[in-house]
Amino acid sequence: GDELHMRPNKLQLEAHPKCNAILEGVKDLSGGRESMHLTIEKKVGELSGIVVSEWSNGVPCVVVNMPTGKRKGAIVIWNCRPGSSQVSEHGWVASGDGTRLMFNMLKFASASSTEAKFLL
């Protein structure tokens with residue numbers, strides 16, 4: 001397949017500015033030679049979550065489901081084949097910002113209830 005690159009979804013990030021933290025320090029992310037991901041219907045991401053970024057083919061890359069009810073933390077989905085090019089020739093390109101993206105997603109999703117009040 002074609003090598004796809006992640007790009008921020010500026011409209012969604014403007015509407016949900018706290019989600020910008022997920023892309024902090026992430027400038028370059030390639031899905032690799034195969035750029036394997038699931039084809040998620042855009043309407044699903046827009047109705048049930050925030051599409052923080054998309055692949056260059058328009059498929060959602062990072063989607064956030066904000067907390068509801070008693071749940072304090074967000075659910076963050078990275079629509080990408082697990083593992084970098086360091087562990088699989090089919091993985092995302094390790095020289096990019098994939099590690100930083102994972103760190104940001106985990107931090108965003110695992111905020112304590114006190115932090116969640118400020119993040120979300």
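Among contacts in the chain between residues at least 6 apart in sequence, those joining residues at least 24 apart make up 59%. The model is a predicted one. Its chain contains four helices and four strands, and from the N terminus on these elements follow the order β-α-α-β-β-β-α-α. Of the 120 residues in the chain, 40% count as buried. The accessible surface amounts to about 7,100 Å², and carbon and sulfur atoms account for 55% of this surface.

Strand β3 spans residues 60-65 and strand β4 spans residues 75-78. The two strands pair in the antiparallel sense, with four bridges between them. W78 in β4 is the bridge partner of V62. W78 also lies on the covered face of β4, together with V76, whereas I75 and I77 form the uncovered face of this strand.

The loop between α1 (10-15) and α2 (42-48) includes S30. The relative accessible area of S30 is 3%; because the cut-off for a buried residue is under 20%, S30 is classed as buried. With neighbours within four places in sequence left aside, the residues in contact with S30 are E3, L4, H5, W55, W92 and V93. For one of these, E3, a polar contact is found as well: the side chain of S30 and the side chain of E3 make this contact at 2.4 Å.

How values were computed. Residues numbered from 1 in each chain as written. Predicted model: local features only at pLDDT ≥ 70, side-chain atom pairs only at ≥ 80, totals over all residues. Heavy atoms only, no water. Buried < 20%, exposed > 50% of the residue type's maximum accessible area, 1.4 Å probe, protein only. Contact = heavy atoms within 4.5 Å. Areas by Shrake-Rupley, 256 points an atom, 1.4 Å probe, with all protein chains shown as cover. Pairing = 2+ DSSP bridges. Polar contact = N/O pair within 3.5 Å; in protein donor to acceptor, adjacent residues only side chain to side chain.
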